[in-house]
Amino acid sequence: MSIEFYYIIIGILILFAVFDLVVGVTNDAVNFLNSSIGSKAAPFLTIMIIASLGILAGVTFSGGMMEVARKGIFHPELFTMPELLTIFLAVMITDILLLDLFNTHGLPTSTTVSIVFELLGAAVALSLIKILGAGSSGLALWDYINTAKALAIVGGILLSIVVAFFAGALMQFISRMIFTFDYKNRLNKYGAAWGGVAMTAITFFILVKGSKGATFMDAQTVEWIKANSLSMMAGIFMISAVVFQILLSIFRVNILKPIVLVGTFALAMAFAANDLVNFIGVPLAGLTAFQNALASSDPLNITMGALGQKVQSQTGIMLTAGTIMVVTLWLSKKAKTVTETEISLGQQDEGMERFESVWLSRRIVNLFDSLFLSAKNIIPKPLRESISSRVTPIASTTHVPHGKKPSFDLIRASVNLMVASAVVSFATSLKLPLSTTYVTFMVAMGSSFSDQAWGRESAVFRVTGVLTVIGGWFMTALIAFVVAFIFANILYYFGAFGIGGLALFAGFMIWKNKQKHENKEKDKAEIKIFHLEKVEDFSESVTDTFDHLAYLLKGIRESFDITFDSLFEENLDKLRLERTRIKHFQNGTNIIIANIFKVLRLLQKEENHVSYNYYQIIRRLQKLSDGHRDTVIRCARHVANRHKGLLDVQIQELQEIKKVILYIFLRVETALSKKEIVDCHDIGEQFHYLRELVDDFNANQIERIRDDSSKTRLSILFYAISGNCVMMAKQNVKLLEIFNEAFRLDNPNTTC
């Protein structure tokens, strides 16, 4: 190819740098937003402004990290400019696709690990091509690749997971022993010293991480900071402690809030300083290689030893990248999804869990439960009771509307930031390759574990979530290596066609991920409809509950309609779609039931003339949900197994059943949504008519079994559907009775 073609490749790399900044910030924003958003340390706008300032400050500290993309994984002097651009292009396409995939599913991963293993995979691909070619000169694969760096990264993954988790758990336990969950009074006694320790860890973290790659610090200043680190830490502690004592004693300020906000700034700065190379390091390295090649007499064949030289970072480019990162932080919806994943895994109270339990999480929970029971028998009872009184969460006496209550308190938020800063600073001083993503996530999980956020009601779900995220980290390395290896081969052998094909593939996958994320957000928005924003007035809450019931019944009615028609047509795609929506209806049911429990707690304060029937909603709702789930699953499984379709006469009979059950659903749904108390004899008559229909059709089915026209599986399906319809119709009638009973003050003579 001519040299002009590589101008196009450089343009593509620069464009991909912008895309990579977007997907990278989307994934890594959780590192510095988790503690402040989860604890609601400040209004969301304030948190975002502080994080944005941290990013802009951090990009000016990223100069020293840029060398990783140039010479950290492979030896550039053994590659020509076209070969390096092939490596870099494969890396960027892989990185964008990989991070966008994780963002879509709301899973935080390490952009450092992804870029390292992408560079490794693409470099191995080109190295093998060169070795197998005529001009290999007898060099082996390890001559091209810096394998020690990759192994150090893997070791860093394992080390960071263990160290960060137990450091977070231990420090959180100590903090609770000092402050307990009712920490406000004790904060006046111990807060100044504790805040001094926290600020020392956080500000020293800023200096250690910042000075290493600052574009505006000379070598002498950096060495002075290292030489005087202990005295600086002592000074920071003394000044912070004095300032916090003044704020506590005179101004009555909650010092935990500024600590959390400073920590947010520190981690945002560290993210930008460390991870900017992951997004623009590769395109900048490609640009440098191209410029060096153009300056030579043989640009297509000269090797790129010049990339091994010291990097001269340009502050303007860094600030431009920082600006793109800040804009992405404010606008990205997927960033909020990733942040919600980590916050939900660490929330103090029970709630709707995102992850289901798996056998491994159950084994781990059982193991820890056994260990704690053994420890309980060893520890003296007085000591055990003393510890329990200080670390046991306190039940809230006031209700906070859904969405406004912090997921955890400021003590835990400050511990998360303090410990994460300390661990990363210590690792940096020892030159250990720890990932800020791994450290911040595992510290947050360790502190939530120590805070008993993983109670018996939620432990298996939280552990499953943590295992999923950790598994994703290792999958990041594997996927990054394999995909970059494949893409590098495609680009090398297919040239311009390979570039065009991979660009189209990347665009298609990003579009698909966008559609998937939008569907998830739509489902999430629908689920939010069922949440009670305020549970203070019994009558008002009862009214809201019936609104939620009406909305749920509408969804089940529409799903039933689609399921019946899809079964008749043997449309497997639609049945599979309805099966995936089962969880949505179950979540809605569970939220309504949880709301009912909240409302029933008000009965000690309220007139409870409607309370008995209100209890019955739970029972009726569970049966409705079970009947809907069983019907959809049976229909989907029958068609998926390619069993014989329904007979024409069975379709006709089920159509009659469908017509009646949907009519009952619609009438009850309308009554609940419009708050119209109705004389429901008509619905009762429809229910009795349905029972008679089913009895007649069951008798017909017996004859079909006898003459062998209906096989066993078909008969089982028919009886199950008809039986579920009768049961669900009965629950609808009962719900209408409860509704009329709850609102009979306006019409006391109305009954079913």
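Q: At roughly what angle do the axes of helix H2 and helix H12 cross, and within what distance do they come?

A: Two packed helices are described by the angle and the distance between their axes. Here the axes of helix H2 (residues 44–59) and helix H12 (residues 315–331) cross at roughly 160° and come within 8 Å. Axes are lines fitted to C-alpha atoms, for helices over the stretch in contact, with angles running from 0 to 180 degrees between N-to-C directions; helices are DSSP runs (H or I, at least four residues; strands are E, at least two), numbered from the N terminus. H2 and H12 are therefore roughly antiparallel to each other (under 35 degrees counts as roughly parallel, over 145 as roughly antiparallel, 65 to 115 as roughly perpendicular, and the rest as oblique).

The model is a predicted one, in which local features need pLDDT of at least 70 and side-chain atom pairs count only at pLDDT 80 or more, while totals for chains, interfaces and linings use all residues. Residues are numbered from 1 along each chain as its sequence is written, and side-chain values use heavy atoms, with hydrogens and water left out.

Q: At what angle do H1 and H17 pack, and which classes of residue are in their contact?

A: Helix H1 (residues 3–39) packs against helix H17 (residues 436–450) at about 40°, the axes lying 10 Å apart, and that makes H1 oblique to H17. H1 passes H17 in a left-handed crossing. Asp 28, Asn 31 and Asn 34 of H1 make the contact with Thr 436, Thr 437, Thr 440 and Ala 444 of H17, which gives 1 nonpolar, 5 polar and 1 charged residues.

Q: How are H23 and H24 placed relative to each other?

A: The axes of helix H23 (residues 648–674) and helix H24 (residues 681–706) cross at roughly 160° and come within 10 Å; H23 and H24 are therefore roughly antiparallel, and their crossing is left-handed. Among the residues that meet are Ile 657, Val 660 and Ile 664 in H23 and Leu 690, Leu 693 and Phe 697 in H24. Their contact divides into 13 nonpolar, 4 polar and 5 charged residues.

Q: How many cavities does the structure hold, and what lines the largest cavity?

A: Rolling a probe the size of a water molecule over the atoms shows where empty space is left. On a 1 Å grid over the protein atoms alone, a cavity is a set of points where a 1.4 Å probe fits but cannot get out, a pocket is an open set with protein on both sides within 12 Å along at least five of seven lines, and lining residues have an atom within 4 Å of a point. The structure holds 3 cavities of 30 Å³ or more. About 50 Å³ lies in the largest cavity, whose lining includes Asn 31, Asn 34 and Thr 440. H1 gives the most to this lining, with 5 residues.

Definitions and conventions
A crossing is left-handed if the near helix is turned anticlockwise from the far one by less than a right angle, and right-handed if clockwise. Contact means heavy atoms within 4.5 Å. Ala, Val, Leu, Ile, Met, Phe, Trp, Tyr, Cys and Pro count as nonpolar, Asp, Glu, Lys and Arg as charged, and the others, Gly among them, as polar. Grid points are joined across faces, edges and corners, and a volume is the space filled by probe spheres set on the points.
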